[in-house]
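Hello,

Here is the structure I promised to pass on. Please have it open while you read, as my notes follow directly below.

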Amino acid sequence: MRGKLAVGITIAALALGACGEADPDTLTIISHDSFAGGVTEETFSSFTADTGVTVEIVPAGDTGSLVNQAILTKDNPLADVLFGVDDTFLSRALDADLFLSHRSDLLDKTPENIRLDSDNRVTPIDFGDVCLNYDRDVIADADAPRSLQDLTADRYRGRLVVESPATSSPGLAFLLATIAAFGEDGWKDYWQALVDNDVEVVPDWDTAYYASFTRWGGDRPLVVSYASSPPAEVIYSDPPTDVAPTGVVTEGCYRQIEFAGILEGTEYPEAAGELIDFMLSVEFQEQIPLTWFVFPANMDASLPPEFVEHTALPDTPASVAPALIDANRERWIEEWTELVLG
């Protein structure tokens, strides 16, 4: 799905520093690799048909790399729109004055609790919940943990795999969930209890899910993943199944919200605003679940039946204020690393 596409959209898999001046008929989005990898020639084709403007995607690594690239190139921006900054890096991006203000006419279609910038410098596009998943072939629903605290019990000794918050977005989200649950004074004691209970730590989600998780041949039936992982298991199951082989622990989830913003310095702020409006439209939003396996921000967008049937959304997902994350992220990660890996 990467490389140059003939219709509607180009994925510019080129060195970021070599990105030239945008064509007047082209808008460029700089994004994290996960978004770029899901884009096809159909993703923005109707936007192109309506406006005559093609859309180019520049992948910029993970979310942290994306924000750092945008800050370093602020005076000569690599794109017109940035997509993929989430609440864990939002304050850093806003403090750097990366974005122009833009209030989409569709913003009122989004839940108020995912609009994190009152100045409308960024627009919420999607959200997803990082949650514990369990393998139903190994742990029955009745025996699954009900809370983060349960993971320290002896019956779950040696059964949990997590991702490092230093190298993984879901790993960082899970760390933040524990900080939200146990506070500044208690989260390290909680992690020490997990270490004592033989938690496994791996660098990234792919390793956790596809190497350590029992569902895919590993020896750990509990994994930090997503609330939307069970519908993905159903959709891609071979042979087909109507029953999700994995379950979700809805207590202790952390909600990640992804935003788009018009980059300061774009030559086309009005057109860039129209592109963000398109990304918040029902047409684009209904592409989100089965492409990126997260939830659309626009409440009018319909969910595919697999999401309705197999996703268990938490009633009260954890969150930490973006400014608090920005002020403490590096310290928390350093303290976690010393405690868990040191």
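Let me start with Thr 311, which is buried, with a relative accessible area of 13%. Buried here means under 20% relative accessible area, exposed means over 50%, and partly exposed is what lies in between, using a 1.4 Å probe and protein chains only. Thr 311 sits in the loop between α11 (305–310) and α12. Setting aside neighbours within four places in sequence, its contacts (heavy atoms within 4.5 Å) are with Ala 227, Ser 228, Pro 231, Phe 295 and Glu 306.

A word on where all this comes from: this is a predicted model, in which local features need pLDDT of at least 70 and side-chain atom pairs count only at pLDDT 80 or more, while totals for chains, interfaces and linings use all residues. Residues are numbered from 1 along each chain as its sequence is written, and side-chain values use heavy atoms, with hydrogens and water left out.

Now the overall picture. The chain has twelve helices and eleven strands; these are DSSP runs numbered from the N terminus, with helices being H or I of at least four residues and strands E of at least two. Its radius of gyration is 20 Å, close to the 20 Å that the globule rule gives for 342 residues, so the chain is as compact as a globular protein of that length. That radius is taken over C-alpha atoms, and the rule is 2.2 Å times the number of residues to the power 0.38. Along the principal axes, the C-alpha trace spans about 60 × 45 × 35 Å.

Of the 342 residues, 54% count as buried. Among contacts with a separation of 6 or more, 75% come from residues 24 or more positions apart. The chain exposes about 14700 Å², and carbon and sulfur atoms supply 48% of that area (Shrake-Rupley method, 1.4 Å probe). There are 19 positive and 59 negative charges, and their mean positions are 6 Å apart. Lys and Arg count as positive, Asp and Glu as negative, with His and the chain ends not counted; each charge is placed at NZ of Lys, CZ of Arg, CG of Asp or CD of Glu.

Which cysteines are linked? Cys 131 and Cys 253 form a disulfide, with their sulfur atoms 2.1 Å apart (the cut-off for such a pair is within 2.5 Å). Cys 131 belongs to strand β6 (residues 123–135) and Cys 253 to strand β10 (residues 246–263), so the pair ties together parts that are 122 residues apart in sequence. The link is right-handed, with 120° about the S-S bond. Cys 131 is buried at 2% relative accessible area, and Cys 253 is also buried at 2%.

Most residues other than glycine have a negative phi, and most peptide bonds are trans. The bond from Asp 238 to Pro 239, however, is cis, with omega near 5°, and Pro 239 lies in the loop between α7 (229–235) and β10. Asp 97, not a glycine, has a positive phi of about 55°; this residue is in the loop between α4 (90–95) and β5 (99–100) and is partly exposed at 46%. Phe 293 has a positive phi near 55°; Phe 293 is in the loop between α10 (288–292) and β11 (295–296) and counts as buried at 14%.
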